[in-house]
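Here's a quick briefing to go with the model you have open. Take a look at the structure first, then work through the points below.

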Amino acid sequence: MRAFIAKLVAAVVLLFARAVTAVRAIWDESGLPRRQAIYFANHSSHGDFILIWAVLPPRLRRRVRPVAGADYWLKSKLRSFIGKDVFNAVLIQRVCDEREDDPVTIMAKALSGGSSLIFFPEGTRNQTDLPLQPFKSGLFHLATACPKVDLVPVWIANLNRVMPKGEFVPIPLICTVTFGAPTRLGSGESKEAFLARAQAALLELAPRQAGG
Amino acid sequence: MSATQSDMLLLLLGIAGVLLVASLAGYILQLKLSPEGSNAAIENLNARIKAWWVMAILIALACVAGRIGVLVLFAFCSFAALREFVTLTNTRRADHWALATAFFIVLPAQYVLLWTENYGIFSIFIPVYAFLLMPIIAVVRGDTQHFLVRIAEVQWALMICVFCASHVPALLTLEIPGYEDRNVLLIAFLVIVVQSSDVLQYVWGKLFGRTKIAPNLSPSKTVEGFVGGVASATLVGAALWWITPFTPVQAGLMALVITMMGFFGGLVMSAIKRDRGVKDWGHLIAGHGGLIDRLDSVVFSAPVFFHLIRYWWSAS
């Protein structure tokens with residue numbers, strides 16, 4: 001029953017997201033991502049992973065789990081239902097003191113179970129005027145723990161305009177989700193070099209004009 | 001079967017016939033010139049023809065469903081068009097409530113007013129009330145940066161995508177003596193003339209196009225395409241006089257006005273796209289781009305068509 005309601009809610013959320021954003025995927029030249037992957041994306045809204053979800057073909061979508069902050073998604077019963085049951089999120093504790101398990105271990109476990117992950121390397125939602133905040137080191141540690149998994153940059157455009165911080169009514173605007181070429185951690189690549197490269201790869205996917 | 005229904009059926013059969021011929025031609029072209037889908041122009045042509053089928057069927061279904069069907073269809077078109085338009089504007093955080101009002105109050109209200117057939121309020125709701133209230137909603141947030149540009153863009157978006165577009169279904173509200181219950185055919189007339197003008201301009205342009213008419217705005221539009229397209233679409237309109245309250249000459253003149261408005265409307269919308277650095281308004285219709293790409297000429301001609309009929313033919 002719970003699983004059925006979760007499926008229904010997921011379908012309704014997807015339908016709503018599509019109605020508001022008419023979201024469209026722009027795939028990389030290499031085509032649809034086929035292998036297991038860590039999709040790392042810019043983060044400006046709670047709806048970010050829903051858009052990635054919405055554009056992935058159902059076959060891939062079933063295997064993709066968003067990584068989300070346990071501190072947020074376990075706060076209430078409803079949030080926990082949405083996070084765990086509807087979106088099958090991999091919940092990690094962002095506050096160090098309250099950690100029982102290392103987040104990288106939890107994510108690596110989800111990957112070894114065959115799932116792909118949606119990961120927001122900025123750590124928190126971007127509420128600055130910058131297009132992208134500096135990455136936290138999580139993506140590097142994850143890539144070190146799972147060097148055989150593809151890292152796919154994903155740029156979500158316009159969703160921050162649909163629902164800016166503090167607003168609760170979404171404005172219908174067309175959003176795009178752009179997928180970049182898969183990459184991996186180079187052998188012996190330093191943390192700084194890797195994070196800079198990953199950031200550049202993600203920023204490159206951002207559309208040129210801000211007003212569009 | 002009433003005269004309106006039999007005329008409608010005849011019209012639909014005619015459109016289906018034209019589309020069948022187009023599909024067949026597209027299929028043969030593909031077999032001969034682009035068997036592996038290598039010729040982009042032919043692939044695009046076939047995508048367009050497919051989209052034509054879908055659009056023709058949607059409009060036909062809406063007309064069969066009656067007034068509510070037409071209203072719902074155009075309310076959806078307004079919504080999708082407004083979404084495309086606002087996506088390309090310079091909105092800021094402070095515009096949030098103004099935009100929410102545009103989408104969720106002004107747009108539905110316009111179509112509800114149309115449903116009640118109250119011409120007095122329908123025709124001024126957006127040009128007067130929305131025009132004055134929207135900047136008030138925006139100004140409360142206190143963000144003055146690009147203020148005039150922002151409020152002007154939102155008003156323009158509403159005028160084009162909601163106000164002007166709603167004049168297509170508004171044709172149903174006109175009371176024309178001797179033309180009772182046939183108003184849906186006016187929509188058919190307008191849409192057929194505008195769309196055949198677009199197609200014929202494209203065809204004439206491809207066949208004889210030499211001189212670019214507005215190279216800065218639209219590199220594909222040519223003088224030959226314009227003249228040939230407008231002239232032949234005017235003839236199409238004259239030939240459709242039997243579904244209108246007009247005489248053949250009047251129908252031709254109406255078609256001429258419609259196609260001219262449509263052509264220059266297309267140029268205006270192209271100029272906006274150029275300024276924003278995009279080729280299409282969106283990706284809603286495969287082969288055509290966004291909804292506004294297909295709707296731009298209808299939007300520009302509908303209010304003029306509506307008011308010309310209202311002034312000279314309508315009883316109210």
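At what angle do helix H8 (residues 184–208) and helix H9 (residues 223–239) of chain B pack? The answer is about 140 degrees, with the two axes 7 Å apart. Keep in mind that this is a predicted model. The rest of the briefing covers helix pairs, the nonpolar core, the contact between the chains and a few loop residues.

**H8 against H9 in chain B**

- The crossing of H8(B) past H9(B) is right-handed.
- On the H8(B) side, the contact includes B:Val193, B:Ser196, B:Ser197, B:Leu200, B:Trp204 and B:Phe208.
- H9(B) brings residues including B:Phe226, B:Gly228, B:Gly229, B:Val230, B:Ala233 and B:Val236 to that contact.
- Sorted by type, the contact residues of H8(B) with H9(B) come out as nine nonpolar, nine polar and one charged.

**H10 against H11 in chain B**

- Helix H10 (residues 248–276) and helix H11 (residues 291–312) of chain B cross at roughly 135 degrees, and their axes come within 8 Å.
- That angle makes H10(B) and H11(B) oblique to each other.
- Their crossing is right-handed.
- From H10(B), the contact draws on residues including B:Met254, B:Val257, B:Ile258, B:Met261, B:Phe263, B:Phe264 and B:Met269.
- Among the H11(B) residues in the contact are B:Ile292, B:Val299, B:Phe300, B:Val304, B:Phe305 and B:Leu308.
- The contact of H10(B) with H11(B) splits into 13 nonpolar, five polar and one charged.

**The nonpolar core**

- The largest nonpolar core runs to 145 residues.
- Inside this core, the residues with the most contacts are A:Tyr39, A:Leu51, A:Ile52, B:Leu82 and B:Leu190.
- H8(B) is the top contributor, giving 13 residues to the core.
- If you skip neighbours within four places in sequence, B:Leu82 touches B:Ala102, B:Phe103, B:Leu107, B:Ala157, B:Cys161 and B:Val162.

**Where the chains meet**

- Chain B puts 19 residues in contact with 14 residues of chain A.
- On the chain B side, helix H3 (67–87) and helix H4 (96–115) are the elements that give two or more residues.
- The chain B residues that touch chain A divide into seven nonpolar, eight polar and four charged.

**Loop residues worth a click**

- A:Asn88 has a phi near 50 degrees, which is positive for a residue other than glycine.
- You'll find A:Asn88 in the loop between helix H5 (77–86) and strand S4 (90–92) of chain A.
- A:Asn88 counts as partly exposed because it has 16 C-beta neighbours inside 10 Å.
- B:Asp181 also has a positive phi and isn't glycine, with a value near 65 degrees.
- B:Asp181 sits in the loop between helix H7 (147–164) and H8 of chain B.
- With 10 C-beta neighbours inside 10 Å, B:Asp181 counts as exposed.
- A:Thr124 lies in the loop between strand S5 (116–119) and helix H7 (138–145) of chain A.
- A:Thr124 has 12 other C-beta atoms within 10 Å, so this residue is exposed.
- Between A:Thr124 and A:His43 there are 81 residues of separation in sequence, yet their C-alpha atoms are 7.0 Å apart in space.

How values were computed:
Residues numbered from 1 in each chain as written. Chains lettered and ligands numbered in written order. Predicted model: local features only at pLDDT ≥ 70, side-chain atom pairs only at ≥ 80, totals over all residues. Axes fitted to C-alpha atoms, helices over the stretch in contact; angles between N-to-C directions. Helix = DSSP H or I, 4+ residues; strand = E, 2+ residues; numbered from the N terminus. Left-handed = near helix turned anticlockwise from the far one by under 90°. Contact = placed C-beta atoms within 7 Å. Nonpolar A, V, L, I, M, F, W, Y, C, P; charged D, E, K, R; others polar. Core = buried A, V, L, I, M, F, W, Y, C linked by C-beta atoms within 7 Å. Buried ≥ 20, exposed ≤ 12 C-beta atoms within 10 Å, placed from the backbone. Parallel < 35°, antiparallel > 145°, perpendicular 65-115°, else oblique.
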